[in-house]
Structure formats: C-alpha cells, structure tokens
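This briefing is meant to be read beside the sequence and the coordinates. The notes begin with a single residue and then widen to the sheet, the core and the ligand.

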Amino acid sequence: MCLNDKLLTILVTGANSQLGNELHVIAPQFPYCQFLFVTKAELDITNFNSIIKYFKGHSVDYCINCAAYTAVDKAETDEDQAYLIHADAVAILAKICSQNNAQLIHISTDYVLTEQPHNLTKKPIPPTR
Ligand SMILES: NC(=O)c1ccc[n+]([C@@H]2O[C@H](COP(=O)([O-])OP(=O)(O)OC[C@H]3O[C@@H](n4cnc5c(N)ncnc54)[C@H](OP(=O)(O)O)[C@@H]3O)[C@@H](O)[C@H]2O)c1
C-alpha cells in the first residue's frame, strides 16, 4: 500500500498512550509507512491552531488518534474536558484531515455503550450535547 513509491505518512496523536505505544511496537512491520508519533506535549489535539500548523508542515496521509481522556470516573465530573477531547477536538481533527486529504482513524471503546447490542438508529449513548 504505497502511493507512487512515496512512503505513507501516518500521524499518531496521543503517542504516549497505551495504544500509541502498541503502534510504536508494530510500526517496523510497515516499512512503507513513515510514522510521526506526537505526544500531547508536542501536539495537543484541543489546540486547533497547532493542528492546522502541524498539517501545513507535514504531508499526512493518515492520522491515528490515540489521544483520550481515560480517567473514566473523573470524566463523570469533568464533563467539559471529556467532551472537548472525545467529541469537539475529534470533530475538528476530522475536518482538518479532510481539508488535507488525510484519513482519520479514531479508536473508540465499547465501554461507553451498554451491554445490549447498540442500534445506531437509536439515541446515542451517552447522549450528545
Ligand atoms: N488501552 C486499551 O486497552 C484500549 C482498548 C480499546 C480502546 N481503547 C481506546 O484507545 C484510545 C487510547 O486509550 P489508551 O488506553 O491507550 O489511553 P491512555 O494510555 O490513557 O493514554 C491517553 C493519552 O492521551 C493523551 N492525551 C490526553 N489529552 C490529549 C490531548 N488534548 N492532546 C493529545 N494527547 C492527549 C495523554 O497524554 P498525557 O499522557 O501527556 O496526558 C495520553 O498519552 C482511547 O480512545 C480508548 O478508548 C483503548
């Protein structure tokens, strides 16, 4: 999967995460890809100007977003920050990816859903704001 002999550039946000570290481990198995692992300190996904600037400086083909608010209990009270990272920032990231012809891959979790099969035509769980 190589575009005209050009390495595919894969940006990994939230690279210090458990998921990001796993990607780091398997990255050498994909020699046709150039991975750009960026930590929160290097690229905060809630800092939209920084994301725009980063995409201007790098030709990104795919962005794998590993940034997350994973303090599950704290997220119950720190709702604004949880929504900012998981919803608002991801929406902007998707828009910036689209504007730069990059594909966004966002890894979610089944923890936010009930144990019942979730019918996507029903109201989202948790509710959107
Ligand atoms: N771990 C699993 O087994 C698992 C399973 C299924 C799905 N997932 C999903 O995979 C994603 C990552 O989970 P994880 O367990 O790997 O997370 P994690 O180890 O708790 O790491 C979360 C990372 O996100 C970074 N981060 C937080 N806010 C950020 C921001 N504004 N900008 C950039 N980076 C930010 C944190 O940086 P700092 O460390 O600097 O704060 C941290 O490195 C989540 O969506 C999760 O639901 C994980």
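**Briefing on the predicted model**

Leaving aside its neighbours within four places in sequence, V12 is in contact with G20, L23, F35, L36, F37, V38, I64 and C66. The model described here is a predicted one, and its protein chain contains four helices and four strands, which follow one another along the sequence in the pattern β-α-β-α-β-α-α-β.

**Chain as a whole**
- Of the 129 residues of the protein chain, 19% count as buried.
- Among contacts in the protein chain with a separation of 6 or more, 68% are made by residues 24 or more positions apart.

**The sheet**
- The four strands form an open sheet in the order β2-β1-β3-β4, and their pairing is parallel.
- Because β2 and β4 (103–106) stand at the edges and each has a single partner strand, one side of each is left without a neighbour in the sheet.
- On average, and with direction ignored, neighbouring strands of this sheet are turned by 20° against each other.
- β3 and β4 run parallel and are joined by four bridges, and C63 stands opposite L104 in β4.
- Helix α4 lies across β3 and β4, and the helix runs at about 155° to β4.

- In soluble globular proteins, nonpolar side chains tend to be buried together.
- The largest nonpolar core has 20 residues, of which L11, V12, I45, C63, C66 and L93 touch the most other members.
- Two or more residues of this core come from each of β1 (8–13), β2 (33–38), α2 (48–57), β3 (62–65) and α4 (79–99), and α4 gives the most, with four residues.

- Not counting residues up to four places away in sequence, A89 touches I45, T46 and L84.
- A89 and F48 are 41 residues apart in sequence, while their C-alpha atoms are 7.8 Å apart in space.

**Around the ligand**
- There are 19 residues around the ligand, and those that come nearest are S17, Q18, K40, A67 and T109.

Methods
Residues numbered from 1 in each chain as written. Predicted model: local features only at pLDDT ≥ 70, side-chain atom pairs only at ≥ 80, totals over all residues. Buried ≥ 20, exposed ≤ 12 C-beta atoms within 10 Å, placed from the backbone. Contact = placed C-beta atoms within 7 Å. Near = placed C-beta within 6 Å. Core = buried A, V, L, I, M, F, W, Y, C linked by C-beta atoms within 7 Å. Pairing = 2+ DSSP bridges. Axes fitted to C-alpha atoms, helices over the stretch in contact; angles between N-to-C directions.
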